[in-house]
Amino acid sequence: MASWSPSLSFLSLEAQTYLMQHLPDSQTMDPRTMSQHLRELEKQRRRNLIFDEERFEETFLKCLICRESYNDKEKLPKMLPCHHTFCQECLCQMFRVEGEFRQTLTSAFRGMPMAVKIQCPSCRDGLITSEAELRRLPNDHTIMELLTFVKETGKSDVQYCSKHQMQPLNFFCEPCIQPVCCDCTVIDHKEIKGHVVVNVEEALEKYTPILDETMADIKTQKLQLAEQREQLEHSGESVDQIQQDLTQHIRTVFDRIRAALDERERELYDVSDGEINRKRTMIEDHLKTLGDRESSLNAQFNGLQQAKDDKDISQMFTGHKTAREVLAREVNVPTDCVKDFNVTFQFSTRTDSGVRSQISNLGNILFQS
């Protein structure tokens with residue numbers, strides 16, 4: 001390392017060794033060029049790391065039979081005596097398939113056999129076991145620890161490229177504004193074609209403040225909208241109160257007018273009823289007079305008829321004298337007392353038209369914005 005330029009002394013031993021392997025001319029590079037090469041080398045190192053991580057998960061953290069990831073439930077990694085590991089679900093499925101096959105070979109088995117022989121898919125070693133014994137096989141603790149590590153580091157949440165199978169989207173192309181995978185950076189998003197590809201973490205670090213600023217602006221506008229909404233709701237309540245007050249005022253005015261009209265109507269009814277009742281009383285008095293006269297005449301007629309029937313000469317002359325005296329008393333009852341009697345309601349057309357006009361133009365609504 002003594003032959004290295006003093007300008008590289010600020011680098012760690014690991015970084016200097018890395019430069020010797022990948023940049024033989026690093027001693028003669030100016031700092032800016034060296035910085036660019038270092039960034040490129042770092043990108044390539046991260047791409048290789050991502051590829052290795054994906055290949056590692058594919059090889060060690062997935063069942064070789066169903067190619068699904070192990071977990072701590074149905075997909076527990078179970079280690080066979082030959083030290084090969086498969087998920088518990090696949091081993092139980094192998095047991096059931098083998099048991100059903102045994103049932104088809106002979107009628108001796110009326111049900112599923114308690115134990116069957118299964119073979120390791122990798123080395124073909126045989127194992128006679130029951131399903132319960134399969135479930136009691138030891139877990140592969142190495143894989144379990146790796147699963148815990150992957151879970152804690154968030155590797156299981158990685159999004160994968162839809163174009164390049166099983167490649168995680170760990171890069172971001174700024175001009176295209178989309179996440180890309182390692183293969184995308186060397187096929188569809190080459191930097192020599194104007195694509196600017198950065199690591200997802202770098203993109204997050206760069207754009208998170210921008211998003212925070214935008215979100216802050218959104219919150220500010222939301223607060224403004226909330227204030228405007230509150231003001232409008234208050235205005236709506238004010239309009240409702242104005243409508244209630246206006247309705248009450250109009251109702252009060254017209255209630256007074258209706259009350260005055262009702263009062264005048266009652267006065268007219270009282271006047272007409274008084275005059276008609278007076279005339280009715282007069283007619284009833286005349287009818288009473290006629291009734292009394294008719295009763296008196298009936299009494300005299302009946303007395304004379306009785307004396308005549310009895311041939312009582314004395315009663316005949318006495319009754320005759322009394323009857324003549326009653327006839328002599330004349331009763332003058334006018335029978336045409338309603339001949340010229342009439343009661344009418346008079347309301348001049350001019351007054352009627354004036355009242356209607358005043359009512360139709362009664363009151364006015366004034367608007368002020």
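Predicted model: local features only at pLDDT ≥ 70, side-chain atom pairs only at ≥ 80, totals over all residues.
Modeller: Residues are numbered from 1 along each chain as its sequence is written, and side-chain values use heavy atoms, with hydrogens and water left out.

Biologist: How many salt bridges does a search of the whole structure find?

Modeller: A salt bridge is a side-chain nitrogen of Lys or Arg within 4 Å of a carboxyl oxygen of Asp or Glu. Searching the whole structure on that basis gives a total of 11.

Biologist: What separates Arg135 and Glu131 in helix H4?

Modeller: Helices are DSSP runs of H or I with at least four residues, strands are runs of E with at least two, and both are numbered from the N terminus. Arg135 and Glu131 form a salt bridge with their closest N and O atoms 3.2 Å apart. Because they are four residues apart in helix H4 (residues 131-135), the separation is about one helical turn.

Biologist: Is Asp255 buried or partly exposed?

Modeller: Buried means under 20% relative accessible area, exposed over 50%, and partly exposed in between (1.4 Å probe, protein chains only). Asp255 forms a salt bridge with Arg258, the closest N and O atoms being 2.7 Å apart. Asp255 has a relative accessible area of 37%, so the class is partly exposed.

Biologist: Which aromatic residues form the edge-to-face pair?

Modeller: Rings of Phe, Tyr and Trp (its six-membered ring) pair if their centres lie within 6.5 Å; planes under 30 degrees apart count as stacked, over 60 as edge-to-face and the rest as tilted. The structure holds one aromatic pair. Its rings are 5.9 Å apart centre to centre with 65° between the planes, and the residues are Phe172 and Tyr207.

Biologist: Where do the two residues of this pair lie?

Modeller: The pair links distant parts of the chain, 35 residues apart. Phe172 counts as buried at 17% relative accessibility, whereas Tyr207 counts as partly exposed at 26%. Phe172 is in strand E5 (residues 171-173) and Tyr207 is in helix H7.
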